[in-house]
Amino acid sequence: MNLSRLDLNLVLALRALLEERNVTRAGERVGLSQPAMSAALSRLRRHFDDELLARTGNSYELTPLGVSLRDRSATACDLLERVFSSQADFDPAAENREFTLLAADYGAAVFGAALARVLHQEAPGIRLTFRHPTPDITENTAAQLSTVDGLLMPHGVIDGFPAVDLHQDRWLCMIADDHPEIGHELTLDHLARLPWAVYQRPYDAPAARQLSMLGISPRVEVSVQTFQLLPHMVEGTRRIAMIQERLARRAVRYAAVRVLPCPFEAVPVQEAMWWHPVHAQDAAHIWLRQKAAEVGAMLKGHGADEAVSVVRGAGPTPGLL
């Protein structure tokens, strides 16, 4: 369609109408009188050749097209706001701005916390918001990335978008520190025979994916949505879990667990920050990407060599963290 003929104010009106399902409330939300909003609704109905809002008794319900346009109009408004708030110059020490990053708990706890510490010192007016990605991130990547400043996610889940590599991590296997069947070494037989606690998302199940390549189907007893719950699901049980080393260092401090090297060559985690090309020339976003690269380099310099072997209630034991 010819965008030059489109009144962008109709996008705002469309979102308000579909979310409020009331002409008067929608007008109040965008600063239009009731007659002006009614006129906007008439124009939208002609454009889409659809009622969008259908009267049911004393209220309005969305038509099927209206339902499909509700989320799209919200995404369009968020994207327009980001486009028109782009800046040619950015002074981090003086600016007040919020950056929103999509991240699982691993990304927020490891990279996000490090980034927040740096911004606290260098850009006190900057606010960071972390949100968990929705399950359809792999199917609706462009729409989700267009309304946030970035996505923290390892390579191998999405592609086709610009990214900056942050840091690498390795997988370890976690067990209870008093596990009755496992000493100082894990075997493939243990992985196949013992029950598991796993991190499970529809688009990313690290343990299952890695074990499937070995012909092992883990017997899953517990599935959780955050990596930081895994130590609690392993503690005091016969279960095994796979966890990133950077989180494992913390887990052994607050849970009765220990970790061992995986008995196979586990593919390491290569964490990255992904963003939508719409942000490419925004000075504030360019600065954020530079900070992300610097923090990633800092984390690389504090990698696996910092790991300390720990066994609760005993001294260091070779091969254990």
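**Cysteines, cores and a surface patch**

Student: Why is C262 called buried?

Tutor: C262 has a relative accessible area of 13%. Buried means under 20% relative accessible area, exposed over 50% and partly exposed in between (1.4 Å probe, protein chains only), so C262 is buried. This is a predicted model, in which local features need pLDDT of at least 70 and side-chain atom pairs count only at pLDDT 80 or more, while totals for chains, interfaces and linings use all residues. Residues are numbered from 1 along each chain as its sequence is written, and side-chain values use heavy atoms, with hydrogens and water left out.

Student: How do you know whether C173 is buried or exposed?

Tutor: Its relative accessibility is 0%, and C173 therefore counts as buried.

Student: What makes L12, V30 and L32 a nonpolar surface patch?

Tutor: Like charges are joined within 9 Å, and nonpolar side chains (Val, Leu, Ile, Met, Phe, Trp, Tyr) within 5 Å. L12, V30 and L32 make a nonpolar patch of about 220 Å², an area from the Shrake-Rupley method with a 1.4 Å probe, for which only the protein chains shown count as cover for residues. L32 is partly exposed because its relative accessible area is 38%.

Student: Which residues touch the most other members of the largest nonpolar core?

Tutor: A nonpolar core is a set of buried Ala, Val, Leu, Ile, Met, Phe, Trp, Tyr and Cys residues joined through side-chain atoms within 4.5 Å. In the largest one, of 63 residues, they are F111, L191, W196, I240, M242, M273 and W287. Another core, of 16 residues, lies apart from it and includes L10, L14, A16 and L62.

Student: What is W196 in contact with beyond its neighbours within four places in sequence?

Tutor: Contact means heavy atoms within 4.5 Å. Among the partners of W196 are L191, P218, R219, I240 and M242.

Student: What share of the protein chain counts as buried?

Tutor: Of its 321 residues, 45% count as buried.

Methods
Patch = residues over 30% accessible without salt bridge, like charges linked within 9 Å, V, L, I, M, F, W, Y side chains within 5 Å. Salt bridge = Lys/Arg side-chain N within 4 Å of Asp/Glu carboxyl O.
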